[in-house]
Amino acid sequence: VLTNHNLDTVLRNRMNDEEEQRYDYYNLTYGNRDYLFDVNTLPSGGGSGGFGYEIPAEALSDEKFANMIHEAEKYLGYPYVWGGASPSTSFDCSGFVSWVINNCGNGWNVGRTTADGLRSYCSYVSPSDAKPGDLIFYAGSNGKVNHVAIYIGNGRIVHAASRRSGIKTSTWNYRTPVAIRSMLD
């Protein structure tokens, strides 16, 4: 079976994580020359809002979740910086989630806290009951929380992933994380 892929798909299949991160940032900013581009034809990784996939429409009907996503997508492609907590410094995982929560317009303020600190604002739900806007916490074998992400639906998360890949969306690995309901309730 022969499949016809657009140029964006072909390019992405040939890129490593760092190259794809730069390509996403370039597309997000139009290379800082938006006057040169027909912005309606630029690729966004195959989905809406630069996420690289479609966010479920029913999720976007929740105003609080939509506010979180619109704030989070501003930083896709930013590098991972340990201890980072703002656009001027970039972000680590908890700095990114704290920033999104504090600046999404929902009236929340958790300050700058760690992944474990964010967990203290939440209540537990089963991973099968996770909904867009929930915070997903990853724990090591010792049970200590070492990573946090925002669930965005259809088995996907947005997070400050690592030094290698920065802020991006990923498939949610159900094996190791614990799902925690965010402040959307």
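This dialogue walks through a predicted model, from its overall layout to single residues.

User: What should I know before reading the numbers?

Analyst: The model is predicted, so local features need pLDDT of at least 70 and side-chain atom pairs count only at pLDDT 80 or more, while totals for chains, interfaces and linings use all residues. Residues are numbered from 1 along each chain as its sequence is written, and side-chain values use heavy atoms, with hydrogens and water left out.

User: How many helices and strands does the protein have?

Analyst: Helices (H or I, at least four residues) and strands (E, at least two) are DSSP runs, numbered from the N terminus. Here there are six helices and eight strands. From the N terminus, their order is α-α-α-α-β-β-α-α-β-β-β-β-β-β.

User: What share of the protein is buried?

Analyst: Buried means under 20% relative accessible area, exposed over 50%, and partly exposed in between (1.4 Å probe, protein chains only). Of the 185 residues, 45% are buried.

User: What share of the contacts joins residues 24 or more positions apart?

Analyst: Contact means heavy atoms within 4.5 Å. Among contacts with a separation of 6 or more, residues 24 or more positions apart account for 50%.

User: What caps the N-terminal end of H4?

Analyst: Aspartate 62 does. A side-chain oxygen of aspartate 62 lies 3.0 Å from the backbone nitrogen of lysine 64.

User: Is glutamate 71 buried or exposed?

Analyst: Glutamate 71 lies in H4, which spans residues 63-73. With a relative accessible area of 6%, glutamate 71 counts as buried.

User: How do I read the packing of two helices?

Analyst: Two packed helices are described by the angle between their axes and the distance between the axes. Axes are lines fitted to C-alpha atoms, for helices over the stretch in contact, and angles run from 0 to 180 degrees between N-to-C directions. The axes of H4 and H5 (residues 93-103) come within 9 Å and cross at roughly 130 degrees. That makes H4 oblique to H5. As for the cut-offs, angles under 35 degrees are roughly parallel, over 145 roughly antiparallel, 65 to 115 roughly perpendicular, and the rest oblique.

User: Which residues meet where H4 and H5 touch?

Analyst: From H4 come Met68, Glu71 and Ala72; from H5 come Phe96, Trp99, Val100 and Asn103. These residues divide into five nonpolar, one polar and one charged. Ala, Val, Leu, Ile, Met, Phe, Trp, Tyr, Cys and Pro count as nonpolar, Asp, Glu, Lys and Arg as charged, and the others, Gly among them, as polar.

User: How many residues of H5 are buried?

Analyst: Eight of its 11 residues are buried, so H5 is largely enclosed by the rest of the structure. Among them are Cys93, Phe96 and Val100.

User: What happens at the ends of H5?

Analyst: Aspartate 92 caps the N-terminal end, with a side-chain oxygen 3.4 Å from the backbone nitrogen of serine 94. Just after H5, glycine 105 takes a positive phi of about 90 degrees.

User: Where is asparagine 109?

Analyst: Asparagine 109 sits in the loop between H5 and helix H6 (115-119). Asparagine 109 is exposed, at 63% relative accessible area. Its side chain reaches the backbone nitrogen of glycine 111 at 2.8 Å.

User: Which residues other than glycine have a positive phi?

Analyst: Serine 90 is one of them, with phi about 70 degrees. Serine 90 lies in strand S2 (residues 90-91) and is buried, at 4% relative accessibility. Asparagine 154 is another, with phi near 50 degrees. Asparagine 154 lies in the loop between S5 and strand S6 (156-160) and is exposed, at 58% relative accessibility.

Terms used: Polar contact = N/O pair within 3.5 Å; in protein donor to acceptor, adjacent residues only side chain to side chain.
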